[in-house]
Amino acid sequence: MASLAPPNSSPWSCAKSSPIIPPLQRFLADAEEDLAGLRDRELLRTLTTIEEVRGVKVRVAGQWLVSWCTNDYLGLSQHPQVIQAACEAAQRWGVGARASRLLAGSTTLHAQLEARLAAFFGAESALVFPSGYLANLGTLGALLGPEDVVLVDRLAHASLIDAARASRARLRVFPHNDVAELARLLARLPRRAIAGRRGRRIVVSEGLFSMDGDRAPLAQLADVVNAHEALLYLDDAHGAFVLGSSGRGSPQQAGVPHAAMIYMGTLGKALGAQGGFVVGAQSLIRFLQNRARHFLYATALATPLVAAALEALRLVEEDPAPRARLAQRVRQLQATLASLTDLPRFAPSHIAPIVVGSARRARALSASLWERGVWAPAIRPPTVPAGTSRLRLSVTALHTEEQIGELADALRDQLNPASQ
Ligand SMILES: Cc1ncc(COP(=O)(O)O)c(C=O)c1O
């Protein structure tokens with residue numbers, strides 16, 4: 001009988017000793033060179049493996065640390081009811097969604113979540129994507145084409161820049177939060193018409209900037225965009241469910257209706273689950289269901305995560321306590337940081353950057369805090385512009401006043417060694 005085992009001489013054998021084919025060898029050599037370059041510039045990134053999580057404490061290589069770098073702003077990823085909802089959904093529906101939404105991946109849970117998100121933000125309709133990143137790529141990709149112009153804030157998140165670039169629209173970057181310059185840019189743009197369609201102009205910004213913790217001047221932005229017959233696309237990944245009197249996000253805080261923009265958020269930050277969403281008019285959502293490639297061609301968000309997001313949204317609506325606790329911690333953290341000398345000014349939000357300049361300095365500061373049980377990774381280019389490497393602290397409703405005090409002590413000792 002013929003053997004089913006592959007012959008030993010096959011170049012595709014999976015045996016450990018199998019030779020690496022030359023094109024792959026060349027790529028691996030290039031990759032190593034690239035990594036060495038990153039290492040030399042203090043820009044190499046490596047994964048930190050968490051062994052256990054308890055509230056804001058994590059165990060890494062046997063050491064317990066207080067994490068100051070999660071986006072679980074309301075602590076909902078560990079809420080017993082959110083966990084229970086995810087478990088029950090897994091029991092009832094299975095773990096994966098099994099197909100894209102338009103094939104066999106759309107369940108009553110997805111429909112419920114979309115209806116609840118739409119109602120929460122006062123919109124006609126909503127669409128859930130498998131992640132916030134895909135929501136940005138899919139939505140901007142569907143809205144924009146070569147005849148259009150997209151104007152993006154200089155500090156916008158990588159997913160927005162990637163979405164703008166991939167859309168093939170003409171890309172203009174405006175200085176961070178500079179509404180006057182944006183107005184000048186818009187006024188100078190000729191409006192092209194291709195195949196009978198007038199070119200669109202879409203202004204892209206964030207409600208609460210992810211690495212700086214400051215807010216977009218939404219009211220002014222909305223006015224300028226409106227005056228120039230453009231559209232505003234707002235990524236409120238870090239503001240949704242947290243900011244505003246009832247968690248309706250940056251628009252609520254700024255007193256601007258969600259209807260003045262195309263509003264996008266994620267389910268993976270304040271709701272503690274995963275996924276992204278866009279809310280808006282029914283025609284927009286139906287258009288995206290047909291045109292957003294990252295919605296069309298991706299497996300639907302897994303049902304346990306949909307159920308977790310639904311439960312977390314219910315908690316946000318019914319229990320203002322975590323938001324109130326977070327607001328208190330924000331005040332405490334910001335007051336503490338402001339009292340430390342030689343620090344740049346902080347925008348008062350749950351995201352508090354400590355900008356130190358070089359990547360080397362940020363890494364050294366992060367490493368010395370680690371020794372004190374404080375986990376605050378160095379954020380370096382290309383995530384932030386060169387020369388603005390930083391620690392990006394994020395405070396959550398689960399942090400305690402005592403932990404803020406410990407953070408302040410550690411920071412004071414590292415930033416002002418003379419005070420020890
Ligand atoms: C501003 C902003 N937009 C979008 C995303 C992507 O969202 P998600 O993590 O859900 O893919 C992030 C994530 O870091 C973000 O900070």
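This is a predicted model: local features need pLDDT of at least 70, side-chain atom pairs count only at pLDDT 80 or more; totals for chains, interfaces and linings use all residues.
**Figure 1. Residue classes in the shell around the ligand.** The shell holds 13 residues. Those that come nearest are Ser 131, Gly 132, His 157, Ala 237 and Thr 266. Helix H5 supplies the largest share of the shell, three residues.

**Figure 2. Packing of helix H5 against helix H10.** H5 spans residues 132-143, and H10 spans residues 282-291. Their axes lie 10 Å apart. The packing angle is about 100°, which makes H5 roughly perpendicular to H10; angles of 65 to 115 degrees fall in that class. From H5, the contact residues are Gly 138, Thr 139 and Ala 142. They meet Phe 287, Leu 288 and Arg 291 of H10. By class, this contact has three nonpolar residues, two polar and one charged. H5 is also the helix that gives three residues to the ligand shell.

Figure 3. Domain 1 is made of two segments, 50-77 and 321-419. Domain 2 covers 94-318. The C-alpha centres of the two domains are 28 Å apart. On the domain 1 side, 18 residues are in contact with 15 residues of domain 2. Helix H13 (321-339) and strand S13 (351-357) are the elements that each give two or more residues to the domain 1 side. S13 gives the most, three residues. By class, the domain 1 side has 10 nonpolar, five polar and three charged residues.

Figure 4. Ser 389 is found in S16, which runs over residues 389-394. Is Ser 389 buried or exposed? Ser 389 counts as buried, because 25 C-beta neighbours lie inside 10 Å and the cut-off is 20 or more. Gly 373 is 16 residues from Ser 389 along the chain, and their C-alpha atoms are separated by 21 Å.

Figure 5. The bond joins Pro 381 and Pro 382. Its omega is about 5°. Pro 382 sits in the loop between strand S15 (378-379) and S16. Most peptide bonds are trans.

**Figure 6. Positive phi at Arg 168.** Phi is about 70° at Arg 168, although this residue is not a glycine. Most residues other than glycine have a negative phi. Arg 168 lies in the loop between helix H6 (158-166) and strand S6 (170-174). With 14 other C-beta atoms within 10 Å, Arg 168 is partly exposed.

**Figure 7. Positive phi at Phe 241.** Phe 241 is not a glycine, yet its phi is positive, at about 75°. Where is Phe 241 placed? Phe 241 belongs to the loop between strand S10 (231-235) and helix H9 (250-254). Phe 241 counts as buried, because 29 C-beta neighbours lie inside 10 Å.

How values were computed: Residues are numbered from 1 along each chain as its sequence is written. Domain bounds come from an automatic or database domain assignment. Two residues are in contact if their C-beta atoms, placed from the backbone, lie within 7 Å. Helices (H or I, at least four residues) and strands (E, at least two) are DSSP runs, numbered from the N terminus. Ala, Val, Leu, Ile, Met, Phe, Trp, Tyr, Cys and Pro count as nonpolar, Asp, Glu, Lys and Arg as charged, and the others, Gly among them, as polar. Axes are lines fitted to C-alpha atoms, for helices over the stretch in contact, and angles run from 0 to 180 degrees between N-to-C directions. Angles under 35 degrees count as roughly parallel, over 145 as roughly antiparallel, 65 to 115 as roughly perpendicular and the rest as oblique. A residue is near a molecule or strand if its C-beta atom, placed from the backbone, lies within 6 Å of it. A residue is buried if 20 or more other C-beta atoms lie within 10 Å of its own, exposed if 12 or fewer, and partly exposed in between; C-beta atoms are placed from the backbone.
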